[in-house]
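Colleague: I have a new model open on my screen. Could you walk me through how to read its sheet and its pockets?

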Amino acid sequence: MKQDVKENVVLGDQNIAGRDNNITNYLTGLRHLRPHPVDPEKLMPANRFVSPGDNFERAAQAVRLSFGSTANVRVVVLLAPEEHGRKSAGLRLLAATNVATHRISELLPDWDEPDVACLPEERGVGYLLNLRGVTQALPDAFYSDLVTYASGLRNAGSYMVITATKTVWSQARAGGPHPEILVVEIERPKPDDVVKKYLESKEGTRDRSGWIDNKEGVFYGLLPEDCAPGEAARLASIIAKAKHIEDEDALDEYKGWKSHLSDWFSGGREGVETRAVRIAGAYLNKAPAAVVLNSADLLLAAPKINLPMPEGGLLAMPDAPSRLEPAGMSFDADTGVASLAHESQGPAILRYLWTRHTQLSQEVLTQWLQDISQGPAKDHLDALASALTQLAETVGIAPIFDLAEGWLRNGGKQHLELVGDLISDLAVHATLGSQARAELARWAAGKSEPTRQRAVARACSGSFGKEYPSQALTRARYVLSSPGSEEALKDATKAVRVLASDGDLAPLVTDTVVKWIMNSGKPTGTQLNVFYDVFSVPSSPDQLEKSPLAVALTQPGEPGDAIRRRLLEGWRHIIEQSADVVHAQRTLLNWRQGAEMGLLPQGPVVDIIIALGRATGIVNPPIRDVVKEEGPLRDALIVALFTEVQRTYETSYDPPAAQPGTTPIAQNPQDVTEADPTT
């Protein structure tokens, strides 16, 4: 039976001219930081931007002149302390170039060691390399390599803005001035100007821009001179929605609800129940009312609070709206959801409890959070993780990681998932991310605490892995190289599978996994098992979307070619270097059988097997045994095999071209009869 094989992928020597080079370039590009599109006109429109000083204007003029002139500035470094509005300035600087808005992207420092080789170099684009939260100085090589990179940007018609602190960037190391690199220090925008620009940018709030100068109103004189632009923008947003110029609630919101907090937590038995509901709402805002109230009841029942249920039990308790309203929460009768009247009160309550009510937070709330995470809030762990991430902005990551460790010691699978999601969110936080990612590396390398390793693996599968895939893969490898338990090994492998099944990340993950086996000497042990596991055949059709192998073999265009080329390189290394040919044969046979069952595309599987045969020997195991196995694809493989042999023979024994002026000798002249084979 002749098998109709479709969706073939061209590999190896069959590539058309230049194709190999394109794929090699693409694979090299996988090491580049991934661009995240940003639109300056949405994030920091011109009518809301306040210039951070003359140096910024000089930089803007330098990049403007690059259009149609001889000016060569392609990399601008904006230096300022954190919270000085560097990102906004960088976006407006890129908007001043001739780059189209939709071609402007932000680059996150997805590296363990800063390396200019990680920077992309597309044509006609603008990059914002945002080093927010980075505290370590850049290595010397970064500055020298940047000179060459800047020249490449000029040739590509592209620009880059780097935002950093003076601690991270040392001009002295740059080796002197370069015409294509401009380094400037920018000032902090005046906070009053930020507020006024914000309000004047919208027609409905223009008449409020003078409120901060009006001594009769509550917003006068609130901003100190050293106020961060973000804080000024927060005040502006509060003024924009205030009821009037003397709105005391709006003023208290800006001040972090301090007067309300002192009233809410002033003490006394009468307000205990309402305080419990308020605390539960701060951690579980927008969760079902039943979840919030049941969590509040668990807090009231805590040993160090021990408030008895009223006589009559639940029948004696008010209904949900009656309990929620005194705590500043609303109840949606259609959905049953409970929400804080002012969303900003949640973080304010958490900050207050952890900084002013430390005895309550340390001796009661820590255990209570563990209890509700496996009780009423077990299906709303994302809300808890989000609340704790906001809390970390005030108390830092150390108390949150300590809390997480307590959950891991005493909890089960749900706590593991909660901690994994929490530390994943912290790892991508704008200001705390750098510290959190460093802590994740420490957890991942510590085999004496396998539960922490499992939490890191969970984090690598989440937002951390999506935004910082290279760093997530590095931490997964720490666990894989030294797992503290079999579960940790499985979870880390699963994390790699999750990332590899993401179409956007699949090329990078494939390249990384193949590098692991090729850089570890003889492909044995964990790295080889990870390769086999990650690229195993999906168990059923409904698993195709979650299967890295199915994604790898069906990915279209250049990414798909690059993935399959990398898989071929990995397989070739395994067959040529590994002593366990039997395992390789069994895995390749599984691929073939997966294609025969419709779980994998047949064309790419056939092509990979034949290309492997060409590279490692068609008549040698394991390819010989994979091809000759009975099954629907056997005929197609044999046909492809003979086609390959014939092509190779024709290439090797191509007859020499006839010399000019000579007449080719006919191979079988019409007047000559072929000899009888018996004579």
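Colleague: Happy to start with the sheet: what is the order of the strands in the open sheet?

Modeller: First, a word on the source: this is a predicted model, where local features need pLDDT of at least 70 and side-chain atom pairs count only at pLDDT 80 or more, while totals for chains, interfaces and linings use all residues. Residues are numbered from 1 along each chain as its sequence is written, and side-chain values use heavy atoms, with hydrogens and water left out. In general, strands of a sheet pair through backbone hydrogen bonds, either parallel or antiparallel. Here the six strands run in the order S1-S3-S4-S5-S2-S6, with mixed pairing. Strands (E, at least two residues) and helices (H or I, at least four) are DSSP runs numbered from the N terminus, and two strands pair if DSSP finds at least two bridges between them. Strand S1 (35-37) and strand S6 (181-185) are the edges, each pairing on one side only.

Colleague: In which sense do S2 and S6 pair?

Modeller: Strand S2 (residues 75-79) is parallel to S6, over five bridges. Val75 is the residue opposite Ile181 in S6.

Colleague: Which strands does helix H4 touch?

Modeller: Contact means heavy atoms within 4.5 Å. Helix H4 (residues 86-95) packs on the sheet and touches S2, strand S3 (104-107), strand S4 (126-130) and strand S5 (159-164), with its direction at about 165 degrees to that of S4. Such angles run from 0 to 180 degrees between N-to-C directions, with axes fitted to C-alpha atoms, for helices over the stretch in contact. Helix H5 (residues 140-156) lies across S2, S4, S5 and S6, at about 150 degrees to S5.

Colleague: Now the pockets: how much space lies in the largest pocket?

Modeller: Rolling a probe the size of a water molecule over the atoms shows where empty space is left. On a 1 Å grid over the protein atoms alone, a pocket is an open set of points where a 1.4 Å probe fits, with protein on both sides within 12 Å along at least five of seven lines; lining residues have an atom within 4 Å of a point. The largest pocket holds about 960 Å³, a volume being the space filled by probe spheres set on points joined across faces, edges and corners. Its lining has 31 residues, and Glu231, Arg234, Pro347, Arg351 and Glu393 lie nearest its centre.

Colleague: Which residues are closest to the centre of the second largest pocket?

Modeller: Of its 36 lining residues, those are Gly85, Arg86, Lys87, Ser88 and Arg132. H4 returns here, giving the largest share of this lining, five residues. The second largest pocket has about 770 Å³ of space.
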